[in-house]
Amino acid sequence: MTPEPSSLSGLEQGSAHVQHRRLMRPTADGSHPLRVLVVDDEPSICQALTLLFRWHGIDVLTALSAAEAVRVLSETRVDVLLIDLRLRDARGDAVFRSAVGLDPSYRERTLFMTGDITAEAERIIAATNCPFLRKPFDITLAVQAIAALVGVSYQESDTPPGSGTSLGSGRRDQTP
């Protein structure tokens with residue numbers, strides 16, 4: 001899931017030098033980098049979020065399908081799930097239910113994202129009791145929402161200059 005350093009593009013390699021600190025999550029055995037699983041069936045969205053979240057000091061794993069997400073979750077511990085509501089092989093709430101079956105704490109550590117503006121989409125997400133981001137969203141706000149889900153503070157003043165990059169127009173409808 002993580003490319004070898006030699007396979008990183010120039011932009012990704014350059015972003016590693018810009019990163020000023022890692023987001024760490026305190027645990028009983030010390031701290032570890034905050035790890036997010038991004039579940040989206042659009043490879044370009046996964047790539048963009050990986051690049052931008054890494055810039056903000058977050059370790060990122062990606063899954064392009066519900067089946068791949070469940071496999072990753074059964075093999076790897078992640079701190080936060082960022083799940084697109086609409087996937088090709090299932091809805092994001094099905095991934096959420098599978099994740100909660102593996103670890104009930106995902107109820108409090110899941111953030112949905114969606115470009116679906118229908119009342120049905122909002123009803124589906126509301127039934128999970130999880131916060132959501134409406135695509136397109138501001139990356140800095142997404143990082144703050146992810147950090148908040150695990151009780152880590154991340155202030156806008158912590159971001160590198162020019163990193164208020166958004167995935168689209170920067171709109172976000174619900175605050176976690």
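1. A nonpolar core is a set of buried Ala, Val, Leu, Ile, Met, Phe, Trp, Tyr and Cys residues joined through side-chain atoms within 4.5 Å. Buried means under 20% relative accessible area, with a 1.4 Å probe and protein chains only.

2. The model is predicted: local features need pLDDT of at least 70, side-chain atom pairs count only at pLDDT 80 or more, and totals for chains, interfaces and linings use all residues. Numbering runs from 1 along each chain as its sequence is written, and side-chain values use heavy atoms, with hydrogens and water left out.

3. The protein has six helices and nine strands, taken as DSSP runs numbered from the N terminus (helices H or I, at least four residues; strands E, at least two). Of its 176 residues, 46% count as buried.

4. There are 27 residues in the largest nonpolar core, and Val38, Leu49, Phe53, Ile58, Leu82 and Ile146 have the most contacts inside it. Two or more residues each come from strand 3 (35-39), helix 2 (43-55), strand 5 (80-84), strand 6 (110-114) and helix 6 (139-149). Helix 6 gives the largest share, seven residues. A second, separate core has 24 residues, among them Ala63, Val95, Phe96 and Phe112.

5. Helix 6 is largely enclosed by the rest of the structure, because eight of its eleven residues are buried. These are Ile139, Thr140, Ala142, Val143, Ala145, Ile146, Ala147 and Leu149.

6. At the start of helix 6, a side-chain oxygen of aspartate 138 comes to within 2.9 Å of the backbone nitrogen of threonine 140. After the helix comes glycine 151, with a positive phi near 75 degrees.

Note on methods: Buried means under 20% relative accessible area, exposed over 50%, partly exposed in between (1.4 Å probe, protein chains only). A polar contact is a pair of N or O atoms within 3.5 Å; within protein, one must be able to donate a hydrogen and the other to accept it, and residues adjacent in sequence count only if both atoms are side-chain atoms.
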